Amino acid sequence: MTADKNSETKLSHTAAMILQAVDAGFVYGFSIMEMTGLPSGTVYPAMRRLERDELIRSQWEKQSIADAEQRPPRKYYKLTAAGRVTLETSRRRYPLLERLIPIEEARSV
Amino acid sequence: MKPPNEFAAHIIDLGLLRGASMLVPRGQRAEWWREWYGELWQARSEYAYSGEFSWSAERAIAGFCLGAFQDALYLWRQERNLGRRGKTPLTLKFGSAWQCLLLMAALLGASFTVARLLPGVRAERSLWRNGVRSGLVLIEDVNNEDSPRTISSGQYRAWKDRKQEFFDGFAFYRVTREQVNWRPVEDGQRESAGWGVGRASSNFFSLLGLPVQFKGTGAGVDAAMPSVILSESLWKREFGADPHVAGRVVRVGLRWATIAGVASEGPWGLPGKVDAWLLEPDSQMVPASAGYVVAHLSASGRSRMGAAQIQITSYAPHRSPDDLLGISLGKAMPRQWDVFWFAVLLAFLALPAISSVSLGDLSVSVHKISWPRRLCRWGFLGAKIVLLLPIAYFVSLDLAYGFIGFNSTDALYLQMVAAFFICMFGMQWVLSDQRQRCPVCLRRVDHPVRVGQLSRTFLAWNGTELMCMGGHTLLHVPSLPTSWFSSQRWMFLDSSWEFLFAGPVRE
């Protein structure tokens with residue numbers, strides 16, 4: 001999916017909120033769930049859709065890092081270029097989005 | 001080391017995840033499991049961080065795991081839709097309309113299956129298939145003063161032995177009160193009781209077309225003994241509705257006989273109160289006994305018998321002619337199908353009394369719905385009605401014959417009442433469902449919102465607004481019908497509303 005095409009893409013508020021959360025640094029499923037307050041049954045399927053549409057991409061954490069912290073490895077999500085453009089469009093459509101999950105605040109946590 | 005309760009809860013959570021993973025396509029399952037396993041660890045460390053067992057924490061974790069099913073279902077649907085790419089799935093094209101029809105079809109299938117399995121319905125079906133009882137005639141001797149008028153066995157033999165043009169089958173029976181022993185010989189409490197016994201020709205049941213239920217296998221039964229067919233009421237009263245009653249030996253008067261099965265009383269109201277039928281050949285008939293004759297009309301007899309009664313004169317050598325009267329027994333009981341259609345007619349007549357038959361006002365809008373859409377809308381309504389009628393038929397049969405034996409007027413009454421209510425309330429549902437379906441996509445409108453205040457009914461509009469999730473329409477339903485807003489109205493949304501609605505795929 002190209003960036004031009006994505007600039008036309010309209011996301012639901014839920015999908016936009018998840019995109020905003022990923023951009024704000026909440027990069028794995030449970031942390032997105034906690035941040036947005038959405039249930040797991042909404043967050044994970046929405047992330048699958050976003051990944052399918054190439055707005056986010058996933059990557060497994062290195063096993064050594066997980067072993068060091070004595071926990072299973074996490075699957076991290078990251079915005080793609082297309083996802084960034086779509087998020088900008090969504091922010092214009094949903095002006096309250098940034099207030100719900102402010103990036104500066106989140107990154108400072 | 002985890003406390004035992006927490007350990008058990010963790011096992012249940014893992015079981016939930018494992019169950020959900022079964023829905024995930026095989027190729028993605030390992031990665032899916034790895035991700036959810038890691039996320040579960042995260043959830044547990046977040047919710048149950050204190051190290052002590054807490055029900056609220058476990059509930060939250062279980063709720064988290066249940067979400068895995070939605071995720072797995074999404075992946076399963078995605079995989080399924082891959083094979084259908086290029087085609088628009090029916091659920092997307094018609095929204096929940098397709099699901100509604102599928103649900104009704106499933107209900108129809110279930111009620112049909114139950115109806116096929118019920119012995120009462122099966123017996124009724126075989127009864128009507130047989131077709132014998134439509135041409136049955138009860139023969140009476142006009143000169144007899146008894147009520148009901150009997151016929152002597154001599155008259156019967158003389159008439160039967162003559163060449164017949166209008167009849168192709170005869171059976172004679174007489175009803176006597178006899179002492180019957182039915183308890184086993186070894187039973188110390190062996191006792192007798194008085195039964196109304198119908199001594200009938202051996203072809204009696206085949207002539208009537210009455211199926212005999214719970215027939216024995218024939219093993220261990222003395223073929224030389226005459227057969228006894230129990231009436232359904234006696235079978236229930238004296239034998240506790242024992243399905244293995246066939247083959248038992250009873251003593252009827254002075255004769256031993258074998259129980260061959262159970263039959264209902266039949267719909268004709270034949271004269272005489274009979275508890276059991278003793279079948280014996282005409283050769284063993286007691287001479288000069290009085291009884292009743294049932295005859296079956298041949299094809300030419302049916303064409304001649306236009307009225308409910310027919311005069312018959314029997315000529316026999318060496319005796320004066322007998323004047324007989326044939327009374328038709330065929331129309332004694334209506335068919336299930338006739339009863340059902342009568343109930344449907346009543347239900348449709350009663351419908352306006354309980355529900356509005358209007359489908360809502362489309363004319364106030366400037367928006368015109370295309371003809372194919374209109375056709376779909378009306379087709380959907382028609383399909384629902386077409387499905388409702390057989391559902392009502394089979395469910396009413398299930399209710400009527402699930403509790404009451406076949407060939408009973410009670411069953412017919414119950415069927416009629418059940419069919420009436422199912423049709424009436426079913427049609428009410430069909431119409432109210434149709435009123436709440438978007439005229440464009442046939443989805444049910446949702447998310448009701450109260451607008452206005454009841455106290456301002458005459459100053460401003462108040463009622464409920466519902467929205468089509470496809471973004472096509474808004475439905476306004478007045479809370480109090482007024483002269484300027486008497487029924488619900490549709491408002492069609494133009495493209496300027498699109499930003500509020502995500503597409504069906506991108507939610």
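**A walk through chains A and B**

Start by selecting chain A: buried residues make up 35% of its 109 residues (buried means 20 or more other C-beta atoms, placed from the backbone, within 10 Å of a residue's own). Keep in mind that this is a predicted model, where local features need pLDDT of at least 70, side-chain atom pairs count only at pLDDT 80 or more, and totals for chains, interfaces and linings use all residues. Residues are numbered from 1 along each chain as its sequence is written, with chains lettered from A and ligands numbered from 1 in the order in which they are written.

Now colour chain A by secondary structure. You'll find eight helices and two strands, running α-α-α-α-β-α-β-α-α-α along the sequence (DSSP runs numbered from the N terminus: helices are H or I, at least four residues, and strands are E, at least two).

Next, pick out V228(B), I229(B), A276(B), W277(B) and V293(B). They have the most contacts inside the largest nonpolar core, which has 48 residues (a set of buried Ala, Val, Leu, Ile, Met, Phe, Trp, Tyr and Cys joined through C-beta atoms within 7 Å). Strand 3 of chain B, residues 167-181, gives this core its largest share, six residues.

Hop over to a second, separate core of 43 residues, which includes M47(A), L16(B), W32(B) and A48(B).

Last stop: where the chains touch. Select 19 residues from chain B and 19 from chain A (contact means C-beta atoms, placed from the backbone, within 7 Å). On the chain B side, helix 2 (26-47) and helix 3 (55-82) each supply at least two residues, and helix 3 brings the largest share, eight residues.

Key
A residue is buried if 20 or more other C-beta atoms lie within 10 Å of its own, exposed if 12 or fewer, and partly exposed in between; C-beta atoms are placed from the backbone. Two residues are in contact if their C-beta atoms, placed from the backbone, lie within 7 Å.
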